Amino acid sequence: MLKNILQVLRELKKQKLRTFLTLFGIIWGTVSVILLLAFGFAIKAQTSESMHGLGESICIMWSGKTSISYAGFPRGRNLHFQKGDAEFLRDQVPLIGNISPQYSRSVAVRVKDKKQSFNINAVLPEFTKMRNLVPRMGGRFLNQLDEKKRRRVVFIGFDVEEKMFGKGNGLGKTIYIEGMPFTVIGVLIQKKQDSSYNGRDKDAIYMPVSTYLGIYGDRYMDNMVCKAENVEYTDQMKDDIQLAYARKYRFHPDDTEALGIWDTTENEKFLNTFFGGFNIFLGVVGVMTLIVGGIGISNIMYVIVEERTNEIGIKRAVGAKKHLILFQYLTETFVIAGLGTIIGFLISMGIIALTNQLPLKEYIGTLVLDPVIAMTTIIIIVMITLAAGWGPATRASNLDPVIAINK
Amino acid sequence: MIDMNNIKKVYDTGKIQVEALRGVNLQIEEGDFMTVVGPSGSGKSTLMNIIGCLDKPSEGEYKLNQKSVKNFNDNQLSEIRNQDIGFVFQNFNLLPYASAYENVEMPLLFAGMSGKKRRERVEYILDRVGLSERMGHKPNELSGGQKQRVAIARALVNNPKIILADEPTGNLDTKTGENIMQLFIELWKEGNTIVMITHDPRATKYSEKAVKLIDGKIKNQTMD
């Protein structure tokens, strides 16, 4: 076996141009598959990460205007979320896992002599889980005690910190919101966010609902954010919310304009479908290239078998069985393909490393040689090699020894 | 040991059918030294290929050790060629990239012999044919006579029941041919069974049986 491989390598060394041309097909194919899929996966991961900046599988709700007259009310009635609505829904719809009201307003903020206006958002502690508001090391998000004790604490976006305190300097400092001092208990970590409502999280300030209402006493909340206990039941949850709400505010259960729900799982579904198709397309393009490489190998193997007809005849004459010859030529095909694959992988890894040095992260993210891609590529190569080697190897093993030995 | 009864071989080349053997009867006993002579195209090589189980007869019965070859499948025939037959060809038929040692070792590899035993056996045989000094040489580094010795060693290495030699001295000069013929005679005297296609008078002198093939038929079979 080892001897066999060494002999193949010797043969390859002797026929340099032929070897190069043969290997080139497989190298080219390997590089194509790996790079195309690496790009595809990286772009998907990048898009997915920015999308999750808003939160994963959440529903954002707004109150709207009725569009169907119902129970004696005319259509066109304005509805508003009111204090207690979040608790009401939590109570009525068991499928809800997390829910938080969100009150917001634009306020003047001051730190020492720096003044600027920002959006403040009053939310419950569970808002952090839904909206991916992760605090940087050392800080934390708002908690139940803050809520209960109406503490004057805020969690701020990283841009707020940078503008008011300078990068990395905000934690534990005091910030003045319309003249009232608040302590910064947490700063948002760097994150990407490609969609938003009420502005980006990096520019926002978060405070407990109780604190906010104590100061401003808003009658209506701006919106609510909720997430199903189990993502699979999101659709059912939305229906249940619509019904519960229609009951409470007496609008027609089919009135789709009374309550607006933005379901981000739909974006997710679209993203998965789109990139699924995109990556299949890239994969197919790569596999096509590999198949062309496989055809190249197959051709070369036919030539090799032709050249070694006499050798095969000799081996058969001194007792080599058919399957041994078959195995020998399949092995040889695999050695060539294996060599091409290894070189292809090395080149791909080089290109991936180089590309990651380029300032393209914003668009394509970080390329990685994903183990799944690597394994898939190898499995495809093995199948193509088997197909490429089978013809020549069976021809070799089926040669008539009498004819072969006289060649 | 070998019993051939009305062996016929027809090559079907599409339009025309070529009858290479037209009813050959032949018996070979253990320890025989048989020579086969005849003009080219008389079917000598076809006969050798059939005896050596490289080819199957179209008609007739060939029994090797009382067993009819007809019923063997390809794997069994390969085993027979490996274990019971030793081929020596006119043009040596050595693997060009392999050393003398590796060429001789090849049948043992196909037989699945273990490494240590293999080494002993190959060295012993190469020594027997007088090539112990040239084990590592490739065929293109060997003279014609040395190449044929390697081929003979390869034929002998599995201790075959019969050695088939197809004009083994045909490609050699007179003196070298003489040495090779001498080696065959020694091997025969040691108890090997040999069938040889040759026109060499030295061989016919020693051989107990001489078969003359003409047009695919045995013309005369002399018995000493």
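Student: Which residues does Thr264(A) touch, not counting residues up to four places away in sequence?

Tutor: Contact here requires heavy atoms within 4.5 Å, and by that rule Thr264(A) touches Leu54(A), Gly55(A), Glu56(A), Ser57(A) and Ile58(A). Before going on, note that this is a predicted model, in which local features need pLDDT of at least 70 and side-chain atom pairs count only at pLDDT 80 or more, while totals for chains, interfaces and linings use all residues. Residues are numbered from 1 along each chain as its sequence is written, chains are lettered from A and ligands numbered from 1 in the order in which they are written, and side-chain values use heavy atoms, with hydrogens and water left out.

Student: Is Thr264(A) buried or exposed, and in which helix does Thr264(A) lie?

Tutor: Buried means under 20% relative accessible area, exposed over 50%, and partly exposed in between (1.4 Å probe, protein chains only). Thr264(A) counts as buried because its relative accessibility is 5%. Helices are DSSP runs (H or I, at least four residues; strands are E, at least two), numbered from the N terminus, and Thr264(A) belongs to helix α9 (residues 264-307) of chain A. Its side chain also reaches the backbone nitrogen of Ser57(A) at 3.5 Å.

Student: How is chain A divided into domains?

Tutor: Domain bounds come from an automatic or database domain assignment, which for chain A gives domain 1 (2-51 + 269-405) and domain 2 (59-263). The contact between them takes 6 residues from domain 1 of chain A and 4 residues from domain 2 of chain A.

Student: What area is buried between domain 1 of chain A and domain 2 of chain A?

Tutor: Buried area is the accessible area (1.4 Å probe) that two parts lose on being put together, summed over both. For these two domains of chain A the figure is about 410 Å², of which carbon and sulfur atoms give 37%. Helix α2 (residues 16-52) of chain A gives the most to the side of domain 1 that touches domain 2, with 5 residues.

Student: How many salt bridges are there between chain B and chain A?

Tutor: A salt bridge is a side-chain nitrogen of Lys or Arg within 4 Å of a carboxyl oxygen of Asp or Glu. Between chain B and chain A the count is 2, and in one salt bridge the side chains of Lys321(A) and Glu79(B) meet at 2.6 Å, N to O. The area buried between chain B and chain A is about 1,800 Å², with 60% from carbon and sulfur atoms. Leu54(B), Tyr97(B) and Phe110(B) supply 32% of the area that chain B buries against chain A, more than any other three residues.

Note on methods: A polar contact is a pair of N or O atoms within 3.5 Å; within protein, one must be able to donate a hydrogen and the other to accept it, and residues adjacent in sequence count only if both atoms are side-chain atoms.
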